[in-house]
Each structure stands twice: as C-alpha cells, then as structure tokens.
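Here are my notes on this model. Please read them with the structure open.

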Amino acid sequence: RCFSKDELLDTVMLYWLTDTFFTSARYYAESVRNPWRPAHEGMPVVSAPTAYAEFPGEIIKVPRAWAQRYCQLQRWTSMPAGGHFAPMEQPELLVEDVRAFFRGLR
C-alpha cells in the first residue's frame, strides 16, 4: 500500500532485467543456513561508531543488547513507521536520522 504500481514495477524490473534477484536473495538463504556468530569474544566486532534505525515493519529484528555487545553503538532510533524497504517507504525519517547521527560525530 505504501508504493505506487510504478514504483513496484520499477523495482521488480530492476532485479528481473539485470538478473540480480538471486544475488540479492542469497544473503537471506545463507543467513538461515549459517547464522552469524562472532569470531571472537571480548571486543566489539564493529569498531566504528554505529547507529541503528529500528523500523517497526522490518523482517529481521536486531535486539538492542546484541547491537551494544557487538558494535560501538552510538545511536539507536525506534522509528514510528517503515519496514524492510525503509529508504523507499520513509526516506525523510531515514535521512534525518543519518544526519543526526553524523552531526554528533563532527
């Protein structure tokens, strides 16, 4: 409901005509077969400052405790709307959150 028919058709055609659907879907298949596990304990896996935007309609939910444990989590935003395709669904919310995150790193 949040996308126009033209937007849906554009997205489907992008994957279909470039024959890249299976490449994009591979991530999901691999994550089911081989769930991610940290290679080591005791220090963050992601050492760069990290932000996470939690969209209510996202398919995979990342627990905040997990993000804090494995990342240098600097910002966690619970968004009021959006889902798996957040950049297309709620671009203004996402852009403002990215700007706010980097504003704090200046």
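Is Leu93 buried, partly exposed or exposed?

1. Leu93 is partly exposed, because its relative accessible area is 27%. Buried means under 20%, exposed over 50%, and partly exposed in between, with a 1.4 Å probe and protein chains only.

2. This is a predicted model: local features need pLDDT of at least 70, side-chain atom pairs pLDDT 80 or more, while totals for chains, interfaces and linings use all residues. Numbering runs from 1 along each chain as its sequence is written, and side-chain values use heavy atoms, without hydrogens and water.

3. Helix H5 (residues 91-103) holds Leu93. Helices here are DSSP runs of H or I with at least four residues, strands are E runs of at least two, and both are numbered from the N terminus. Leu93 touches Met79, Pro80 and Ala81, leaving aside residues up to four places away in sequence. Contact means heavy atoms within 4.5 Å. Val46 is 47 residues from Leu93 in sequence, and 24 Å away C-alpha to C-alpha.

4. Leu14, Tyr15, Phe21 and Phe22 make a nonpolar surface patch, with about 460 Å² of accessible area together. Nonpolar side chains are joined within 5 Å. Areas are Shrake-Rupley values with a 1.4 Å probe. Helix H1 (5-17) and helix H2 (21-33) each give two or more residues to the patch.

5. Leu14 sits in helix H1. Leu14 counts as exposed because its relative accessibility is 52%.

Technical notes
Patches are made of residues with over 30% relative accessible area and no salt bridge: like charges are joined within 9 Å, nonpolar side chains (Val, Leu, Ile, Met, Phe, Trp, Tyr) within 5 Å. A salt bridge is a side-chain nitrogen of Lys or Arg within 4 Å of a carboxyl oxygen of Asp or Glu.
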